[in-house]
Every structure is written in C-alpha cells, then in structure tokens.
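Colleague: Could you take me through this model, from its aromatic rings to its core and its pocket, and give the cut-offs as we go?

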Amino acid sequence: MKSSTQTILEHTHIPRHIAVIMDGNGRWAKKRFMPRIMGHKRGLDALEKMVRRCAELGVQYLTVFAFSTENWRRPEEEVSFLMGLFLQALQKQVGRLHENNMRLKVLGSRERFNEEIRRGIEQAEALTANNTGLTLAIAADYGGRWDILQAVNKLVRAGETEITEEKLGRYLMLSEAPEPDLFIRTGGETRISNFLLWQLAYSELYFTDTLWPDFDSEALDKAIMSYQTRERRFGRTSEQLPAEQQRG
C-alpha cells in the first residue's frame, strides 16, 4: 500500500478502492414500523447490489464497515441477529462471489466471534483467495485505532526499534490494497466513526442522507460523479495538476 502522505497517488477516473459506512438500517426499518433487524436484512440486499455495480465499473476493492468494535454495546438481541446474518452471508453468498471471480477478506479481530463464524470466515477466504476480480473486504469487529495498535504490536514483536510509515503500513489491515480513493457514508451522519483512520488520510469524502437499504446503483453512480469533480492535489496547488485533473 503506497502512502498518500509520502507519494502522489495515481489519479483514476473510476475509484480503485471505495470504502463505505453502511449507516441507516435501523432508521430505515423504524420509518416503516418494522423491527430493526428487518433493516439489516434489507441492508444485506443493498450490499449485494453495490458489489455487482462496483464490479461492472471496474472498482478493484470495496471495503464496507459491517460491525465495529463499539457495536458490541448494542442490545444483545440485535447483536445476536447480526452475528447470525453474518454467518448466513458467509454460508450462502460466498459461493456467488467465487463464481464471479471475486475475493473476500474479513478485517478485524476474530476473538469474540464463535467458532462457527471463525470457521466460516476461514473457509470463505480460502475459497476465494486466488480470484482476481473485485476484492470485497468486510470490516467486522474492526476499529481504526485497533488496527493501528495491532500493527504497532506486530512491529514490536518483530523486533523493530524504529517505526516508519512504510514499516507500519505493512502490518495494517488492507496492507496490500491501495488507499481508498472514495469514502461514502450513508444515513446523514458526517463522521468517520473509527473506520480506516490511517487509510483515509487523503480519501475523498462523500456523505449522503440516503439510508443504506435505499442506496442503489444510481446513488453509487452519483457518489462517483462527485468524486470525479474533485481535485486530488496531495499537497500540491491546482496549477501543478495535470491538465485533465484541473477544474475549468
């Protein structure tokens, strides 16, 4: 992973890497007088549609925030349902990813998952490991600060006495992926919420009031169109940009 604070990253018309906080499932259900869990079910449908659209557009990596380290604080019934939904997706959807030459990675600590989920993650990652299409990375029991801390601890265990950006970057989750070009958060909130804190240093941020279950291909296209209007300067002035990147 090249660091955007150390080098100028290549500008691409279509983001190579999109990161998403899929927010608003519970509110979507509440507006329809449904249990919150129904919103999470519809959210999984929205994710499937987004994966297909990203693959059509040529996006290389899609990283989604499914369950944060802080989400364990939610009601026990909701957490239990989310764990069941995660296992169901691993068992039923991974075959479809594999058939379409897509790779699955799960980011985060696995210590609090039960054995069945841990085994499901391992099997899904192994099945899709050699696929060369879009990589879907699911952040589950993940936090940005946790990511940085676990990388530092690995550096210490490796005997490193001097920590640099390059060395630390090797031990971060998504170390093999380009930094996200575009970050999307649905649901109307305008914060990063401890997601990919290191990796989002120079990502273009896009916030929308659309609740996640309603975020469809048209909404994704709109977000990418917004990205395409941005000047990605990486510390430079507008005048230093290649002509195709400069705004009229």
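Colleague: Which residues form one aromatic cluster?

Modeller: This is a predicted model, in which local features need pLDDT of at least 70 and side-chain atom pairs count only at pLDDT 80 or more, while totals for chains, interfaces and linings use all residues. Residues are numbered from 1 along each chain as its sequence is written, and side-chain values use heavy atoms, with hydrogens and water left out. Rings of Phe, Tyr and Trp (its six-membered ring) pair if their centres lie within 6.5 Å, and planes under 30 degrees apart count as stacked, over 60 as edge-to-face and the rest as tilted. One aromatic cluster is formed by Phe65, Tyr142, Trp146, Phe183, Phe195 and Phe207.

Colleague: How many aromatic pairs are there by this rule, and how far apart in sequence are the parts that tryptophan 72 and phenylalanine 113 tie together?

Modeller: The count by this rule comes to 10 aromatic pairs. The rings of tryptophan 72 and phenylalanine 113 have centres 6.3 Å apart and planes at 45 degrees, so this pair is tilted. Because tryptophan 72 sits in the loop between S2 and H3, and phenylalanine 113 in the loop between strand S3 (103-107) and helix H5 (115-128), the pair ties together parts that are 41 residues apart in sequence.

Colleague: What is the phi of aspartate 141?

Modeller: Most residues other than glycine have a negative phi. Aspartate 141 lies in strand S4 and counts as buried at 5% relative accessibility. Although aspartate 141 is not a glycine, its phi is positive, at about 50 degrees.

Colleague: Which element supplies the largest share of the lining of the largest pocket?

Modeller: On a 1 Å grid over the protein atoms alone, a pocket is an open set of points where a 1.4 Å probe fits, with protein on both sides within 12 Å along at least five of seven lines, and lining residues have an atom within 4 Å of a point. The largest pocket holds about 1,100 Å³ of space, and of its 44 lining residues the closest to its centre are Met22, Asn25, Phe65, Ala66 and Phe67. Elements, namely helices (H or I, at least four residues) and strands (E, at least two), are DSSP runs numbered from the N terminus. The largest share of the lining, eight residues, comes from H2.

Technical notes:
Points joined across faces, edges and corners; volume = space filled by probe spheres on them. Buried < 20%, exposed > 50% of the residue type's maximum accessible area, 1.4 Å probe, protein only.
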